[in-house]
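Hi,

Here is the model I promised to pass on to you. Please have a look at it first, and my notes follow below.

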Amino acid sequence: MKKFLYSIFILLPFLASSQAPDLTDGEVWFGASYKLKFENKLEVQLEEQVRIHNNLDQIKKTFTELSIGYEVFKDFEVGFKYRFSIFPNSFAENAIDRSNFNTSRISLDASYEFDKKNFPLSLEVRTRFQDAKEHYTDQKITFWRNKFSLEWEASKNITPFVEYESFFRLNKKNEFRQDRYTAGVEWRINKEMDLSTFYRVDMETNKKLNGRQNIVGIMFSYSMDYKKKEKID
């Protein structure tokens with residue numbers, strides 16, 4: 001059983017697609033987040049991330065994201081996210097146009113986790129409506145994204161996971177534009193801190209030139225539980 005699980009978690013990204021991409025790039029994502037959990041099942045998170053591409057030679061973008069999540073009932077959560085991204089426009093001809101341009105993005109999430117007590121595997125299904133606006137051109141880019149995540153609690157401090165996510169483009173396009181395959185490990189450092197490492201393959205579809213991004217990610221997270229102080233008589 002363990003050998004079978006190891007095979008799933010290791011081989012999935014390499015089986016992403018048999019179709020050869022037109023363009024291939026290597027990327028590294030670094031990120032850190034701070035999460036505050038409240039007693040009323042509300043969560044607030046702030047995340048900073050830097051993404052490097054062009055085969056690790058250039059900053060692709062940096063962003064700040066604010067998230068608010070709420071557990072409606074056991075295992076079912078809804079959430080709202082706002083992301084502000086900065087893209088270095090290094091392909092322009094003059095210095096003014098090469099200055100950074102920005103994108104604002106909002107998204108609405110709903111997720112449900114299927115798990116069973118004393119069983120090491122859990123499945124999470126998430127759907128997301130995502131709407132972004134590029135400030136320089138006013139172009140709107142809207143996606144409906146669906147993600148399936150399988151986690152295996154190998155030990156108290158180590159949780160391997162695999163994910164598949166589809167990106168469906170709206171804006172009168174109404175077609176699938178990207179598939180995302182991920183395999184990684186969540187490392188529990190202590191009660192408040194976690195480290196996530198992963199390998200990800202992004203495969204574009206239905207474009208004139210379909211690209212493939214091979215991504216290595218390292219994400220650090222710190223979380224705290226906010227509890228009201230009890231009154232002492």
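Arg 128 and Asp 109 form a salt bridge, with their closest N and O atoms 2.8 Å apart (a salt bridge being a side-chain nitrogen of Lys or Arg within 4 Å of a carboxyl oxygen of Asp or Glu). Because Arg 128 sits in strand β6 and Asp 109 in strand β5 (residues 101-114), the pair ties together parts that are 19 residues apart in sequence. Both Arg 128 and Asp 109 are buried (buried means under 20% relative accessible area, exposed over 50%, and partly exposed in between, with a 1.4 Å probe and protein chains only).

Before you read on, please keep in mind that this is a predicted model, where local features need pLDDT of at least 70 and side-chain atom pairs count only at pLDDT 80 or more, while totals for chains, interfaces and linings use all residues. Residues are numbered from 1 along each chain as its sequence is written, and side-chain values use heavy atoms, with hydrogens and water left out.

Now the other salt bridges. The structure holds 15 of them. Asp 202 pairs with Arg 180, again with 2.8 Å between the closest N and O atoms. Asp 202 belongs to strand β10 (residues 193-204) and Arg 180 to strand β9 (residues 175-188), so this pair ties together parts that are 22 residues apart in sequence. Asp 202 and Arg 180 are both buried, and they belong to a salt-bridge network that also links Arg 126, Arg 145 and Glu 165.

Lys 60 and Glu 27 meet in a salt bridge too, at 3.1 Å from N to O. Lys 60 is in strand β3 (residues 58-73) and Glu 27 in strand β1, 33 residues apart. Lys 60 is partly exposed at 26% relative accessible area, whereas Glu 27 is buried at 3%.

As for the fold, 11 strands close into a barrel, in order from β1 to β11, with mixed pairing. Strands here are DSSP runs (E, at least two residues), numbered from the N terminus, and two strands pair if DSSP finds at least two bridges between them. Strand β1 (residues 23-38) runs antiparallel to β2 (residues 42-53) over 10 bridges, and Lys 37 stands opposite Glu 43 in β2.

Strand β7 (residues 140-152) pairs antiparallel with β6 (residues 121-134) over 13 bridges, with Trp 144 of β7 as the bridge partner of Phe 129. On to β8 (residues 158-169): 9 bridges join it to β7, also antiparallel. Phe 148 stands opposite Tyr 164 in β8, and a hairpin of 5 residues joins β7 to β8.

Best wishes

How values were computed. Helix = DSSP H or I, 4+ residues; strand = E, 2+ residues; numbered from the N terminus.
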